[in-house]
Amino acid sequence: MNLRGWGAVAGAAGALALVALASNVTTTSQMEGDANTLLAARMTVSRLINAGALWAGLGVLSGWLVRRPVPAAAAGIVSLLIACLVHYGVGRAVGMFDASVFADNREWFLAALILGGPLGLIGAVARRTDGWGVAARLVVPAGAVIQPFYLGWFTPLAILPWPSRFADIACGSVLFVAGVAGALRVLVAARADSTRVPAPTDRSATGPGDGAATA
């Protein structure tokens with residue numbers, strides 16, 4: 001078993017869960033409308049940390065860390081379940097959530113069970129150097145580009161308070177730029193790998209029978 005990889009999976013899941021929880025902390029002044037600038041910044045960070053593309057990326061990263069296909073699929077599921085348990089469990093322990101938090105958010109645990117396996121497998125495939133590997137490495141960047149348009153973040157409703165509208169547009173812009181940059185990096189790296197000239201073989205080190213036969 002790849003213990004180091006599994007340890008990294010647990011660490012990444014716990015870190016994402018705690019950062020996402022911290023991004024939801026709202027002060028009294030924010031709730032009363034006396035700190036709208038701070039509220040807009042907090043909401044932007046919260047949307048980024050809780051973005052579906054980022055959480056999907058956790059599943060992919062987990063598969064990458066564990067490497068082998070079957071453990072990678074399991075790692076995708078386990079990482080997302082750990083993240084949900086830590087996020088809601090710690091939030092419940094510190095009083096941010098009430099006792100019904102697990103029941104109210106059971107769909108996220110179900111999503112972890114259903115989507116975690118495929119995401120972990122994508123992470124394992126992403127280690128390949130062929131076209132399948134390139135396609136797998138493009139999954140998370142593509143998700144980051146698509147999500148803002150799918151959720152309508154670039155066209156927020158005018159009736160929403162301005163901090164919410166700002167957060168939608170700012171988060172959408174960051175995800176879009178990061179997704180495009182990530183996709184370009186993957187494609188450029190893949191092109192460089194495909195055009196790299198193999199190093200010449202050192203014929204001086206050939207042993208008996210390796211060279212041409214002589215009379």
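From the N terminus on, the elements of the protein chain run α-α-α-α-α-α-α-α-α-α. The secondary structure therefore comes to 10 helices and 0 strands, helices being DSSP runs of at least four residues. The model is a predicted one.

**Chain as a whole**

The protein chain has 215 residues, and buried residues make up 33% of them. Its accessible surface comes to about 12800 Å², and carbon and sulfur atoms account for 69% of that area. Among the contacts in the chain with a separation of 6 or more, 69% join residues 24 or more positions apart.

**Nonpolar cores**

In soluble globular proteins, nonpolar side chains tend to be buried together. In this model the largest nonpolar core has 16 residues. Those with the most contacts inside this core are Leu16, Trp55, Leu58, Leu80, Ala83, Cys84 and Tyr88. At least two residues of the core come from each of helix H1 (3–22), helix H4 (52–66), helix H5 (69–93) and helix H7 (106–125). A second, separate core has 6 residues, including Ala51, Ala53, Trp153 and Leu175.

Leaving aside neighbours within four places in sequence, Leu58 is in contact with Ala12, Ala13, Leu16, Ser79, Leu80 and Ala83.

Gly59 has its place in helix H4. With a relative accessible area of 0%, Gly59 is buried. Not counting residues up to four places away in sequence, Gly59 touches Gly76, Ser79, Leu80, Leu119 and Gly120. The C-alpha atoms of Gly59 and Ala75 are 7.3 Å apart in space, while the two residues are 16 residues apart in sequence.

**Salt bridges**

Side chains of opposite charge can pair when their charged atoms come close.

| Pair | N to O distance |
|---|---|
| Arg47 and Asp168 | 2.6 Å |
| Arg128 and Asp130 | 2.4 Å |

The pair of Arg47 and Asp168 links distant parts of the chain, 121 residues apart. Arg47 lies in helix H3 (residues 36–49), and Asp168 lies in helix H10. Asp168 is buried, because its relative accessible area of 7% falls under the 20% limit.

In the other pair, Arg128 counts as partly exposed at 41% relative accessibility. Asp130 is also partly exposed, with a relative accessible area of 30%.

**Cysteines**

A disulfide is a covalent bond between the sulfur atoms of two cysteines. A search of the whole structure finds 0 disulfides, so no pair of cysteine sulfur atoms lies within 2.5 Å. Cys84 counts as buried at 6% relative accessibility, and Cys84 is also one of the residues with the most contacts inside the largest nonpolar core. Cys171 is buried as well, with a relative accessible area of 0%.

**Nonpolar surface**

Which residues make the nonpolar surface patch? The patch, of about 450 Å², is made by Phe149, Phe176, Val177, Val180 and Leu184. Helix H10 (residues 162–195) gives the largest share of the patch, 4 residues. Leu184 has its place in this helix.

Technical notes
Residues numbered from 1 in each chain as written. Predicted model: local features only at pLDDT ≥ 70, side-chain atom pairs only at ≥ 80, totals over all residues. Heavy atoms only, no water. Patch = residues over 30% accessible without salt bridge, like charges linked within 9 Å, V, L, I, M, F, W, Y side chains within 5 Å. Areas by Shrake-Rupley, 256 points an atom, 1.4 Å probe, with all protein chains shown as cover. Salt bridge = Lys/Arg side-chain N within 4 Å of Asp/Glu carboxyl O. Core = buried A, V, L, I, M, F, W, Y, C linked by side-chain atoms within 4.5 Å. Buried < 20%, exposed > 50% of the residue type's maximum accessible area, 1.4 Å probe, protein only. Contact = heavy atoms within 4.5 Å.
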